Amino acid sequence: MPRRRPSSHAWLQEHRRDPYVLAAARDGYRSRAAYKLLEIHTRCGPGLLRPGMAVVDLGAAPGGWTQVALQHVGSHGGVVAVDLLAMAPLAGATVIQGDFLQEETVVTVRQTLGRKADLLLSDMAPNMSGMKAVDQPRGERLVEAALAFAAAILKPQGSAVLKLFDGPGFPDLLRAARGAFAQVKVVKPKASRGRSPEQYLVCQGFYAPCVNLEGVDARHQAGIHL
Ligand SMILES: C[S@@+](CC[C@H](N)C(=O)[O-])C[C@H]1O[C@@H](n2cnc3c(N)ncnc32)[C@H](O)[C@@H]1O
């Protein structure tokens with residue numbers, strides 16, 4: 001049996017003691033990430049998640065955010081959950097396994113949704129290589145794709161919650177979000193580890209039918225036909 005490296009041992013120790021990991025086990029959530037969305041919902045007003053809403057959850061596996069969304073939208077709402085990885089089913093959610101950067105996945109999500117959505121969630125994070133120069137643009141690319149998708153599928157006044165890593169592309173992505181939503185807040189939930197550069201853009205009051213990604217590397221604007 002291979003020996004665990006000291007760094008992974010320390011990670012495991014930290015993980016076992018993490019209050020959000022313990023709370024997730026107690027409360028029946030599939031991931032500690034559930035508490036990030038719960039806090040965002042509490043901080044950003046009760047309008048974010050409401051009964052009857054149609055929600056798309058990008059980067060959904062293992063399913064903590066989907067569980068939180070399902071609890072709020074109830075039996076009259078629904079969630080389309082998308083991830084590269086397989087995800088165990090959840091009653092009320094349609095799970096799609098696929099790469100959101102591939103057009104075929106985008107088309108499948110739109111067909112499954114079959115109507116405009118009230119809320120787009122994206123907790124997508126790239127597989128970290130540990131090299132900032134590689135990871136940073138990968139993360140930004142996911143946010144660009146999510147933002148362009150939000151503009152195509154949201155109802156007027158719809159909302160989006162998008163994970164974004166602090167870095168050189170942050171100001172342009174924030175500007176693009178502010179051009180499409182009446183209100184955009186940058187939130188760092190308590191459950192988000194302090195050392196993680198992740199933050200969340202909480203965008204409410206969608207009004208622009210297209211997002212201006214000028215200044216942002218908009219490679220997939222061409223690739224995704226929205
Ligand atoms: C932090 S995890 C999400 C945790 C989830 N929100 C929860 O509450 O359990 C990030 C997820 O993004 C997914 N992901 C990364 N790139 C993706 C892509 N191109 N398309 C779809 N999912 C992607 C990963 O597979 C991973 O499961």
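The model is predicted: local features need pLDDT of at least 70, side-chain atom pairs count only at pLDDT 80 or more, and totals for chains, interfaces and linings use all residues. Residue numbers start from 1 along each chain as its sequence is written. The protein has eight helices and seven strands (DSSP runs numbered from the N terminus; helices are H or I with at least four residues, strands are E with at least two).

**Overall dimensions**
- The radius of gyration, taken over C-alpha atoms, is 17 Å, which agrees with the value near 17 Å for a compact globule of 226 residues (the globule rule is 2.2 Å times the number of residues to the power 0.38).
- Along the principal axes, the C-alpha atoms fill a box of roughly 50 × 40 × 35 Å.
- Of the 226 residues, 41% count as buried (20 or more other C-beta atoms within 10 Å of the residue's own, with C-beta atoms placed from the backbone).

**Helix H3**
- Helix H3 spans residues 34–43, and its buried residues are Ala34, Tyr35, Lys36, Leu37, Leu38 and Ile40.
- Just after H3, Gly45 has a positive phi of about 95 degrees.

**Strand E4**
- In strand E4 (residues 117–122), six of six residues are buried.
- E4 pairs in the parallel sense with strand E1 (residues 54–58) over four bridges (pairing requires at least two DSSP bridges between the strands).
- Leu120 in E4 is the bridge partner of Val56.
- E4 also pairs in the parallel sense with E5, over five bridges, and Ser159 in E5 is the bridge partner of Leu119.

Conventions
A residue is buried if 20 or more other C-beta atoms lie within 10 Å of its own, exposed if 12 or fewer, and partly exposed in between; C-beta atoms are placed from the backbone.
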